[in-house]
Amino acid sequence: MDQRTELSEFLRSRRARLRPEDVGLPHTTTRRRVPGLRREELAQLAGVSTAYYTRLEQGHGENVSVAVLDAIARVLRLSPAERDHLGRLTKPARRRSGRAAARVQRVRPALQQLLDAMEGVPAYVLGRRLDVIAWNRLGSALLGDFAVLPPEQRNMAWQVFLDPDARRLYVDWEGKASDIVGMLRLDAGRDPDDPHLASLIGELSVKSEDFRRLWATYDIRDKGHGTKRLHHAVVGALSLQYETLRPTGDADQVLVAYHAEPGSASAESLRLLASWAATEFQAGTAADAADSATEASR
């Protein structure tokens, strides 16, 4: 993805979402050719010349100062994640080689052991481009059996937009989809030369009209914390809190864990789901052992 084009379209999209009265300018009844602030209005509020801002919005972010970026971010009311994204687009860090960007992602053995020890807590680890690179048994029971999926489908964006089960699982599917697209935008700014990310975005753009619509908004999101309402095929309605933790040693990985309010109906449903998952696991283990014994007897 071209960095100049990304910078240009990002700034235009942020400017278009603001009305003059949102930033303290007097309301006018004059019809505007395009929605949002005019370039000259934004430049005046940020304390720079119109020509300077116009050049920046055309994708020329070289040598722009932190103070100017902060002023523009303030006028555009950028979130912290959006401000960081703007900084990367104007002063991109040294890019990874294509080989480095495409390397196989793995979690440390100790981190996988921690996931497995969280028996009552659904949890998984996201890597670059929202690949699901590790999970525990309850996480798989809650969100889908990642182990049986091919690697290219073991990805939260692929699941949300191309797996019909996801639309049934997430009660607020539109909100979940918006978050996913915003996080992919963030990844694209961090690692624009990742061939797998480009391939994923291309596939989603071709196969999902919803993805194309949301991608065009240029929203930027970072994984944080909050509440997700789910409708699970086995245990029904769930309202779960989620937290995002960043393990040390790999800036590309985040651990996401879900939990229910103690004593709530969702906590009981989560307990039932854990029992169901354990039973399914034991049945699968017994079947595998029987298959192995049959193969050995031949």
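Reader: Hi! How many bridges join strand 1 to strand 2, and which way do they run?
Author: Three bridges join them, and the two strands run antiparallel. Strands here are DSSP runs of E with at least two residues, helices are runs of H or I with at least four, and both are numbered from the N terminus. Two strands pair if DSSP finds at least two bridges between them.

Reader: Thanks! What should I know about the model itself?
Author: It is a predicted model, where local features need pLDDT of at least 70 and side-chain atom pairs count only at pLDDT 80 or more, while totals for chains, interfaces and linings use all residues. Residues are numbered from 1 along each chain as its sequence is written, and side-chain values use heavy atoms, with hydrogens and water left out.

Reader: Back to that hairpin: which residue takes a positive phi?
Author: Arg129 does, with phi near 50°, in a hairpin that has five residues between the strands.

Reader: And what stands opposite Leu126 in strand 2?
Author: Val132 is opposite Leu126 there. In strand 5, Leu126 stands opposite Val254. Strand 1 (residues 123-126) and strand 5 (residues 254-259) are antiparallel and joined by four bridges.

Reader: What's the strand order in the sheet?
Author: The order is 2-1-5-4-3, in an open sheet of five strands with antiparallel pairing. Strand 2 (132-135) and strand 3 (226-232) stand at the edges with a single partner strand each, so one side of each has no neighbour in the sheet.

Reader: New topic: why is helix 5 called largely enclosed?
Author: Helix 5 (residues 80-90) has eight of its 11 residues buried, so the rest of the structure largely encloses it. Buried means under 20% relative accessible area, exposed over 50% and partly exposed in between, with a 1.4 Å probe and protein chains only. Among the buried ones are His85, Leu86 and Leu89.

Reader: Which helices do they pack against?
Author: Helix 1 (3-16), helix 3 (50-57), helix 4 (66-76) and helix 11 (173-190). Contact means heavy atoms within 4.5 Å.

Reader: How do helix 4 and helix 5 cross?
Author: Their axes come within 10 Å and cross at roughly 140°. Axes are lines fitted to C-alpha atoms, for helices over the stretch in contact, and angles run from 0 to 180 degrees between N-to-C directions.

Reader: Which residues make that contact?
Author: Val66, Leu69, Asp70 and Ala73 of helix 4 meet Arg83, Leu86, Gly87 and Thr90 of helix 5.
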